Amino acid sequence: MALRPVQVNIKALDHAAIGRFWADALGWRADSEESGLTSVGPAGSLVWPDPIALTIDVVAVPAPKSATKNRMHLDLATTSAAHQTELVERLRDIGATSADIGQGDVPWTVLADPEGNEFCVLEPREVYRDTGPIAAVAVDCVDPRAMARFWATAIDWSVRDLTDDYTVMRSPKDAGPFLEFLRSPEAKTVPDRVHLDLLPYAIDQKPAEVERLYALGATDLDLGQGDVPWTCLTDPEGHEFCVLGPATDL
């Protein structure tokens with residue numbers, strides 16, 4: 001039994017506008033056929049779950065983002081210094097703004113989408129040469145080693161690097177973005193507007209997978225979601241995530 005990350009969930013007041021922003025930012029397409037939801041994925045037919053990419057679901061919520069930094073954000077890949085400059089300029093043209101999260105003098109650029117969700121445009125790095133437009137999903141945490149113990153068992157991605165300061169994970173297919181847990185001194189204080197959605201490999205595995213996550217230290221999360229086919233949970237540091245289902249076998 002195993003779970004796989006399949007998409008990044010972003011909450012927004014205007015799901016269609018934020019969906020269009022991320023589609024333009026990544027060179028993907030947006031689909032807003034479902035009420036209150038815009039799905040963003042690689043150009044062409046929207047195949048879900050995508051075999052390589054982590055797609056994005058932008059979900060409508062009634063409240064704006066607080067001033068508190070999200071503890072999860074996207075890092076975007078670039079192939080050269082010129083590409084990084086061009087991408088930052090293009091993102092500003094479509095509504096991104098500069099974000100100061102205390103990063104100081106760093107080679108990457110910190111921006112926010114039109115509703116304030118922070119993200120980074122990285123300088124070119126060889127490790128991200130084959131990830132696609134999203135280099136990594138980055139998560140602030142207090143204890144990267146504890147996050148490695150939970151997440152390396154919770155999902156079928158493997159740990160590629162582990163220190164006291166960060167944990168790096170990636171799909172066993174050696175494709176798509178990385179999942180990175182980065183040490184941060186600030187503990188979680190408010191609900192995040194960005195989280196991961198996980199999916200079982202078969203329709204009948206979800207109940208057992210949720211029970212397995214409880215045993216690993218996950219806890220229930222009540223967001224007022226009511227009777228829905230997914231289960232909202234938090235990891236041992238309080239990062240929200242959802243287990244989706246049912247899903248068809250792939």
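**Pockets, cavity and fold of a predicted model**

The second largest pocket has a volume of about 520 Å³. Of its 25 lining residues, those closest to the centre are His73, Asp75, Trp108, Glu180 and Leu182. The structure is a predicted model. The largest pocket holds about 870 Å³ of space. One cavity of 30 Å³ or more is counted as well.

**Second largest pocket**

- By class, the lining of the second largest pocket has 13 nonpolar, four polar and eight charged residues.

**Largest pocket**

- The volume of the largest pocket is about 870 Å³.
- This pocket is lined by 33 residues, and the closest to its centre are Asn9, Leu37, Asp57, Val59 and Trp230.
- Four strands each supply at least two residues of the lining of the largest pocket: β1 (3–12), β3 (37–41), β4 (55–60) and β13 (194–200).
- The lining of the largest pocket divides into 16 nonpolar, eleven polar and six charged residues.

**Enclosed space**

- Rolling a probe the size of a water molecule over the atoms shows where empty space is left.
- The count of cavities of 30 Å³ or more comes to one.
- The largest cavity has a volume of about 40 Å³.
- Ile10, Trp22, His73, Leu74, Asn117, Glu118, Phe119 and Val194 line the largest cavity.
- His73 belongs to the lining of the largest cavity, and His73 is also among the residues closest to the centre of the second largest pocket.
- β5 (72–76) and β8 (118–121) each supply at least two residues of the cavity lining.
- The lining of the largest cavity comprises five nonpolar, two polar and one charged residues.

**Overall fold**

- The chain has four helices and 16 strands.
- The radius of gyration of the chain is 17 Å, close to the 18 Å that the globule rule gives for 250 residues, so the chain is as compact as a globular protein of that length.
- The C-alpha trace spans about 50 × 45 × 35 Å along its principal axes.
- Buried residues make up 50% of the 250 residues in the chain.
- Among contacts with a separation of 6 or more, 61% are between residues 24 or more positions apart.
- The chain exposes about 11,400 Å², and carbon and sulfur atoms supply 54% of that area.

**Trp157**

- Trp157 sits in the loop between α3 (144–154) and β10 (158–162).
- Is Trp157 buried or exposed? Its relative accessibility is 7%, so Trp157 counts as buried, the cut-off being under 20%.
- Leaving out residues up to four places away in sequence, Trp157 touches Pro5, Leu54, Ala152, Met169, Arg170, Ser171, Pro172, Pro177, Phe178 and Leu179.
- Trp157 and Lys173 are 16 residues apart along the chain, and 8.8 Å separates their C-alpha atoms.

Notes
Residues numbered from 1 in each chain as written. Predicted model: local features only at pLDDT ≥ 70, side-chain atom pairs only at ≥ 80, totals over all residues. Heavy atoms only, no water. 1 Å grid on protein atoms, 1.4 Å probe; cavity = no way out; pocket = protein on both sides within 12 Å on 5 of 7 lines; lining within 4 Å. Points joined across faces, edges and corners; volume = space filled by probe spheres on them. Nonpolar A, V, L, I, M, F, W, Y, C, P; charged D, E, K, R; others polar. Rg over C-alpha atoms; globule rule 2.2 N^0.38 Å. Buried < 20%, exposed > 50% of the residue type's maximum accessible area, 1.4 Å probe, protein only. Contact = heavy atoms within 4.5 Å. Areas by Shrake-Rupley, 256 points an atom, 1.4 Å probe, with all protein chains shown as cover.
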